[in-house]
Amino acid sequence: MGWLRNNAEPLFEASARPRPALVLSGRAAWGRRLAALAGRALLGGVASVSLLAVLFIFVFVGRDAWPFFRSRGVVEFLTSVRWYPVADPPEFGCLPMFMGTALVTLGAMAVAVPVGLAAAVGLSDILPFGARQALKPVVEILAAIPSVAYGFFALVVLAPALQRNGGRCLAAAWWAVAAPLLLLGAVVLSDVLSGWLPSARARAAARWTLGLGLAAAALWGVARVGAALAAVQLPSGTNALNVSFVLGLMALPTVVSVSEDALQAVGRELREGSYALGATRAETLCRAVIPAASSGLGAAVILGMMRAIGETMVVWMASGNAAQIPRPWYNILQPVRTLTATIAGDMGEADHVTGSDRYHVLFAMGLSLLAIAFLCNAASEAVVRRQRRRLRGA
Amino acid sequence: MRAATRRLLDRAFTAVSLLAVAALAAALLLLLGPIVTRGAGAFVFRGTVEHRRLLREQFGRGDPQAVARDVAAAAAARRPVYELLARFQAELDAADAATRRKYRAPLRELQEALHTLFGAPPAEGQALLLRNRYGATRWDQAQAALRGVLYTEEWDYSDPTRLGAKRLAPRAEQFRGTTLEPLFSLLEREARAMLRPRWTCYARFLTDRSLDAHFFGGIGPEALGTLYLAVGAMLFAVPFGLIAAIYLAEFAGEGRLVGLLRMCISTLAGVPSIVFGLFGLAFFIHTLRVSSSKSVLAGALTLAVMILPTVIRAAEEALRAVPPTYKEAALSLGASRWHTVLSVVLPAALPGVLTGIVISLGRAAGETAPIIFTAAVSMGPALKPWETLSQPTPALSWNIYNLTTEHEAVERIRHVQFGMIFTLVALVLLLNAAALWLRARVSRKLRG
């Protein structure tokens, strides 16, 4: 699954392979050596095309963003909520787009991180080898499906379904997630709380009463919230919720494959040590393996986030494209608009007015995206480097 | 904590993990299910007589006599409908002004609904736009159009706390007691005879040009455009990517410059795809001027920059997977390092490299954002190979967006949208399947 990863070199190498050294004999012709050197330089030159590409992307996107910042400054761009590019005088407040991007990214992560990490644990530690091999293509296919297909799904399949049964979908999802977790919490809590009692009989009695009480309370709470959610009506299916869900699906393969690699890289010794101390599989993973792999898992989350931030088609098609900050800001049932969708959607209208602020503001947004992506990438690399150092030290 | 609770927690943990894996598979099914089932419907469906008439008249396909018989039979079945209409019209002309006013709007609506179902009425002569000339070409569309004839839609806003609810009311109510009343039961009864649906395999959907802005016809220009863009991108990306991979895997050490290069490659992989579009517009079109405006060439170059890191990474991985013993054997026989790389390492890594190329090809074919500003147009003819240097092209990915959001009759051309997405996804999945097969072969071979 290496091609999914965002790093050129293998993320985690068990041991460095010795590099075979070839010593040319003294009699080897100088010409040959020179030719080899020249060839190597040529190869290096061609290889640095990617370096040039990165440089050029920054330079050329920056060059077209510069006129906007020169004429309008940065303050309006980053802090104003008024986006009226065609008004007279125009206003270019991009805060709603930054907020929209942040909101759908958060929403996507809320889907992709728990499911992705759990699936990675399942793939790396729980399923037998055969099942893992059979399921890997599923992850690869999810990653390979073009983004416009996800966007189409969000707009044509998911949006009408949400509009029709939005409240019921929300309530069902809430029940499925909250009820088992809270019941489990009630059991564990009652066990922990009754642990200090002296006699076994008192402990059992306290455990049962506490457990039943807590479970009843939890179910009551879940039912109350569920009923409130079921009553929700969505005026439109194209909103931040829809986009968050689909972006979460899109980020899943990245999160799963990178975190699975990280979990695998932890090695057997740690797991076996933990089992030898009598830990269950859950305890081994939660207390030993996942902390040891935490940096790799962090990198997985960052890479998944980058996919969500940079995605264009899904948000353009299904986010509703309303340049407003939802009220309250976390209300994902309202339509939003993201940076990427604004660039894609406004360029058609702005293209024939090349040279205007309306055109250059899109490059300013592109530059912001580029800066965000660069920072995320640097962060994930730093995190991975730390992990590698730590594993080598351990 | 008691052992029982610990066991319960352990079981719950296992269950959550397995459920998450199952959720992955379910997500894939949820996504692919509608795309595959409804997408296949663009190729295999119950075509009506209108479909066969269209193919005959616009593409010259089908047996002329059989189609003529078909059309005549359908026209004979439809004749009572038009006779009823004509009689009602005559009665109306003779009636008083109040009656005329009462039936004017409902009659026009009815005629429009019938027009969507059957196409232009025989009395009207040839319509200018193809969409008005032919009726419903697909039986599913015909059934929807028939519902449009039989029922009128009403919105119920009586409950202010809920969104408006749609309600269907029989259209016959509007014409109760008139000559037109039997028309509706006749239509309901005889719809099959009037449209003659028959299972059709329209494989040429993939290569036919579209007629009248995708109301009819196929997706040929789009499929060809996607092919041009993806293959063009590979033409640029593969040589550069392969050389870079050879350099990184075989010649580069661990120096600071190489570290910078690797960082650049991973940065490039993380750049949002829409930014590549901006870059392509600013650099390839406005600065280098590879073409005066959008063109396949500019789009392919932009896509090439985008997939470069994928190609490099896959090729480097394949090169590094070649067992060092191969290289050591070649070197010990006195081959130079260059010779070793070119004649031993590269051939051994070739299937792996191909895997990477095939996957990148799929990625280039599926991308939309980079080609919006550099190559894609909504409408256009299929290009000749030499025209790709200067002409923009329609492409599957872009036109899926365009047809689902900006087309004037989004609902009516759903089958085209699903057909396009099906084609694109099938292309990408086939490429990935090929890659999987290649990879399986490689690992078998390297294992010996």
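Predicted model: local features only at pLDDT ≥ 70, side-chain atom pairs only at ≥ 80, totals over all residues.
Colleague: Let's start with chain A: what percentage of its residues is buried?
Modeller: Its secondary structure comes to 14 helices and two strands (DSSP runs numbered from the N terminus, helices being H or I with at least four residues and strands E with at least two). The C-alpha atoms fill a box of roughly 90 × 75 × 35 Å along the principal axes. A residue is buried if 20 or more other C-beta atoms lie within 10 Å of its own, exposed if 12 or fewer, and partly exposed in between, with C-beta atoms placed from the backbone. Of the 394 residues in chain A, the buried share is 43%.

Colleague: Which helix of chain A gives the most to the side that touches chain B?
Modeller: Two residues are in contact if their C-beta atoms, placed from the backbone, lie within 7 Å. On that basis the contact takes 86 residues from chain A and 89 residues from chain B. With 14 residues, the top contributor on the side of chain A is helix α6 (residues 147-193).

Colleague: And how many residues on that side of chain A are charged?
Modeller: Here Ala, Val, Leu, Ile, Met, Phe, Trp, Tyr, Cys and Pro count as nonpolar, Asp, Glu, Lys and Arg as charged, and the others, Gly among them, as polar. The side of chain A that touches chain B has 61 nonpolar residues, 17 polar ones and, as charged residues, eight.

Colleague: How far apart do the C-alpha centres of the domains of chain B lie?
Modeller: Domain bounds come from an automatic or database domain assignment. Chain B is divided into domain 1 (46-149 + 179-201) and domain 2 (220-447). The distance between the C-alpha centres of domain 1 and domain 2 of chain B is 49 Å.

Colleague: Where does α3(B) kink?
Modeller: Helix α3 (residues 64-94) of chain B has 31 residues and reaches 43 Å from its first C-alpha to its last, close to the 45 Å expected at 1.5 Å a residue (the expected span is 1.5 Å times one less than the number of residues). In this helix, B:A74, B:R78 and B:V81 are buried, and its buried residues pack against α2 (49-59), α4 (97-118) and α7 (181-195) of chain B. A bend is the angle between axes fitted to the seven residues ending at a residue and the seven starting there. The kink of about 40° comes shortly before the proline B:P80, at B:R78.

Colleague: At which residue does α7(B) bend?
Modeller: Among the buried residues of α7(B) are B:L183, B:L187 and B:L195, and the buried residues of this helix pack against α2, α3 and α6 (139-150) of chain B. The bend of about 60° in α7(B) is at B:R189.

Colleague: Is B:R289 buried or exposed?
Modeller: B:R289 lies in the loop between α10 (273-285) and α11 of chain B. Although not a glycine, B:R289 has a positive phi of about 55°. With 10 C-beta neighbours inside 10 Å, B:R289 counts as exposed.

Colleague: One last thing: what is the omega of the peptide bond from A:D88 to A:P89?
Modeller: A:P89 sits in the loop between β1 (83-84) and β2 (91-92) of chain A. The peptide bond from A:D88 to A:P89 is cis, with omega near 5°.

Note on methods:
Residues numbered from 1 in each chain as written. Chains lettered and ligands numbered in written order.
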